[in-house]
Amino acid sequence: MKRSAINDILGAADEMIRAHGFTLPPFAYWSPETFRARAAEARHVIDARCGWDITDYGAGRFDEMGLFLFTLRNGRQDDLSRGRGMCYAEKLLITRQDQLSPLHTHVIKAEDIINRGGATLVVELYGSDDAGRFAEDRGGTVLCDGIARPYAAGEKLRLAPGESVTLMPGDWHAFWGEGGDVLVGEVSTVNDDETDNVFRDPIGRFASIEEDTEPRHLLVSDYAGWLG
């Protein structure tokens, strides 16, 4: 993806988030230079990979297959291992109309996916086989706003604003906006986008960036190169 396109996506996403009554934390608006200057005090933000995240899943077709994310907070893997402490994470996502986030599951993370506003969020679901692998003929059971709901393989849940689904490891899922763009909330156990995303098809989690202009804000995938 071109950096100029990423900058445009950041601006549009911020406008949509504000339009739905959410305000991002102050570090969201730091320039790269400010982030460098304040890296020591922002060490948790950097290490937990909080902040802006845009992906085309390495396919180069963001409008068709992609996702905007902002990680608001993220806990510590050590706390999760001990079973106490900061064991949670929270994100805001924007999925555009008909923009696919492809089938995947997680090994560790459980998550609530919440329609925070906009159009309808479609969530396609499949179960796992006995080894935890994708099973095109298996369903399962999820919680929708705390109510148990069985699903058949390939069933599509349609979540209106305010509705949610709880996904456990082994619930394979894809999602997209139907009828318009959707602001999505994610509340989960500690998030690890480096190792805990298992895609059905061999695709990447992060985008390759063509630096055709300066970054408006750093992405979480920029931290290692820009901040060390």
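This talk walks through the aromatic pairs, the nonpolar cores and a few strands of one predicted model.

Two housekeeping points. Residues are numbered from 1 along each chain as its sequence is written, and side-chain values use heavy atoms, with hydrogens and water left out. Because the model is predicted, local features need pLDDT of at least 70 and side-chain atom pairs count only at pLDDT 80 or more, while totals for chains, interfaces and linings use all residues.

Let's start with the rings. How many aromatic pairs does a search of the whole structure find? The search gives 8. Rings of Phe, Tyr and Trp (its six-membered ring) pair if their centres lie within 6.5 Å; planes under 30 degrees apart are stacked, over 60 edge-to-face, and the rest tilted.

Take Trp30 and Phe35. Their ring centres are 5.1 Å apart and their planes stand at 80°, so this pair is edge-to-face. Trp30 is buried, at 15% relative accessible area. Phe35 is buried too, at 2%. The cut-offs: buried is under 20% relative accessible area, exposed is over 50%, and partly exposed is in between, with a 1.4 Å probe and protein chains only.

Now Phe134 and Trp172. Here the centres are 5.7 Å apart and the planes at 80°, so the pair is edge-to-face. This pair links distant parts of the chain: Phe134 is in strand E6 (residues 134–135), Trp172 is in strand E11 (residues 172–189), and they are 38 residues apart. Helices (H or I, at least four residues) and strands (E, at least two) are DSSP runs, numbered from the N terminus. Phe134 is partly exposed, at 22%. Trp172 is buried, at 4%.

The charged end of Arg200 sits over the Phe134 ring, 5.3 Å from its centre. That call needs NZ of Lys or CZ of Arg within 6 Å of the ring centre and within 35 degrees of the ring normal.

Ring pairs also build a cluster, made of Phe27, Trp52, Phe68 and Phe70.

On to the cores. A nonpolar core is a set of buried Ala, Val, Leu, Ile, Met, Phe, Trp, Tyr and Cys residues joined through side-chain atoms within 4.5 Å. The largest has 33 residues. Among those with the most contacts inside this core are Phe35, Trp52, Phe68 and Phe70. Which elements each supply at least two of its residues? They are helices H1 (3–19), H3 (43–47) and H5 (223–227), plus strands E1 (51–55), E2 (67–74) and E3 (88–95). H1 gives the most, with 6 residues.

Back to Phe35. Neighbours within four places in sequence aside, Phe35 is in contact (heavy atoms within 4.5 Å) with residues including Phe27, Trp30, Leu218 and Tyr223. Another core lies apart from the largest one, with 21 residues, among them Tyr57 and Leu121.

Next, strand E3. Why is E3 called largely enclosed by the rest of the structure? Because 6 of its 8 residues are buried. Strands pair if DSSP finds at least two bridges between them. E2 and E3 pair antiparallel over 6 bridges, with Phe70 bridged to Leu92 in E3. E3 and E11 also run antiparallel, joined by 8 bridges. Lys91 stands opposite Glu186 in E11.

Last stop, Ser101. This residue is in strand E4 (residues 101–105). Ser101 is buried, at 0% relative accessibility. Its side chain makes a polar contact with the side chain of Tyr57, at 3.4 Å. A polar contact is a pair of N or O atoms within 3.5 Å; within protein, one must be able to donate a hydrogen and the other to accept it, and residues adjacent in sequence count only if both atoms are side-chain atoms.
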